[in-house]
Amino acid sequence: MNDDRTGAPAPAAGDIAPGTLTEHLTDDWGFFIRSARAFEKFRSPLQAVEVHDSATFGKLFRLDGHFMTSEKDEFFYHENLVHPAAVTHPAPERALIIGGGDGGSAEELLKHPTIKSVTLCEIDLAVVDISRKYLASVHRGALDDPRLSLKIGDGFAFVRETAEQFDLIVLDLTDPGGPSTPLYTTEFYRACAARLTPVGAMTLHIASPVAHPMRIRDGLARLREAFALVTPYLTSIPLYGGLWMMACASATLDPAALSPAEVDRRVSERGIGLLQLYNGDVHRAAFALPNFVRELLPDRR
């Protein structure tokens with residue numbers, strides 16, 4: 001959550017009633033999902049961890065009171081976070097995920113036949129453990145795929161210290177605040193840029209253009225300090241309250257340049273299956289920004 005009057009992260013305001021899981025998008029706006037029962041509620045050394053059952057979303061995962069992912073809508077987030085850049089890349093082989101302990105981004109990356117290795121760096125082992133236990137329909141076994149290397153630790157430190165180069169970097173993070181705060185800085189984005197191959201790309205989610213316009217404006221400006229080409233795009237994520245912005249950042253890779261027909265051709269040739277949302281038309285439509293969103297772009301200020 002973010003107080004857009006200051007741009008500063010705001011703490012979760014808490015549920016409006018017991019069993020009524022509440023996501024506060026701003027101080028004045030939010031939505032709820034009823035919990036049929038709580039499978040887990042505990043505090044790890046880093047954050048509050050919860051898994052609930054719900055009629056609409058199935059098993060639903062929260063951190064520090066914020067919705068992270070669910071069985072029934074995870075594809076809105078993970079497919080759009082991964083495939084626009086991965087399909088645009090001619091042949092991605094090595095990928096890095098920062099965060100993403102639920103395994104959903106890894107599962108999407110591993111659909112690409114050229115992928116030889118995925119490194120998943122998650123700061124909280126509890127997230128991986130809870131996902132193994134409850135979220136099999138999100139990761140679909142990706143957490144145990146032999147191509148995946150799991151690192152438990154600080155993502156910023158890993159990026160600074162590794163000498164590896166990656167074709168794709170996926171920032172699958174919580175919203176700014178708590179352990180993820182340093183991962184929304186220009187310094188971190190520059191460190192990621194240094195770890196990409198010449199045609200590599202980094203993708204991340206940013207915020208709601210309706211609830212968090214200042215966060216979008218500032219976030220895109222920071223990305224443009226680190227990358228020559230920053231391509232914002234939109235998707236709808238029910239669990240996050242609707243319209244949401246993501247971005248692809250690169251020295252050269254431009255997913256907006258691909259036609260719907262070319263996207264569909266690559267998806268077919270690569271044998272990428274189990275896609276519930278992503279296709280050529282969805283890819284192209286994501287880069288069509290409404291006028292009020294265009295006004296948030298740094299070069300329109």
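Asp64 sits in the loop that joins β7 (58-63) to β8 (66-70); strands here are DSSP E runs of at least two residues, helices are H or I runs of at least four, and both are numbered from the N terminus. The model is predicted, so local features need pLDDT of at least 70 and side-chain atom pairs count only at pLDDT 80 or more, while totals for chains, interfaces and linings use all residues. Residues are numbered from 1 along each chain as its sequence is written, and side-chain values use heavy atoms, with hydrogens and water left out.

Arg140 is also a loop residue, placed between α4 (136-139) and β11 (148-152). The table gives the values for these two non-glycine residues. Partly exposed means a relative accessible area between the buried limit (under 20%) and the exposed limit (over 50%), with a 1.4 Å probe and protein chains only.

| Residue | Phi | Relative accessibility |
|---|---|---|
| Asp64 | near 50° | 30%, partly exposed |
| Arg140 | about 50° | 46%, partly exposed |

The largest nonpolar core has 38 residues, and Leu60, Ile97, Leu109, Val118, Ile237 and Leu239 touch the most other members. Such a core is a set of buried Ala, Val, Leu, Ile, Met, Phe, Trp, Tyr and Cys residues joined through side-chain atoms within 4.5 Å. Elements that each supply at least two residues include β9 (94-99), α2 (104-109) and β10 (117-122). The largest share, 7 residues, comes from α1.

Leaving aside residues up to four places away in sequence, Ile97 has contacts (heavy atoms within 4.5 Å) with residues including Ser105, Leu109, Val118, Cys121 and Asp172. Apart from this core lies another of 35 residues, among them Phe158, Phe166, Leu204 and Val230.
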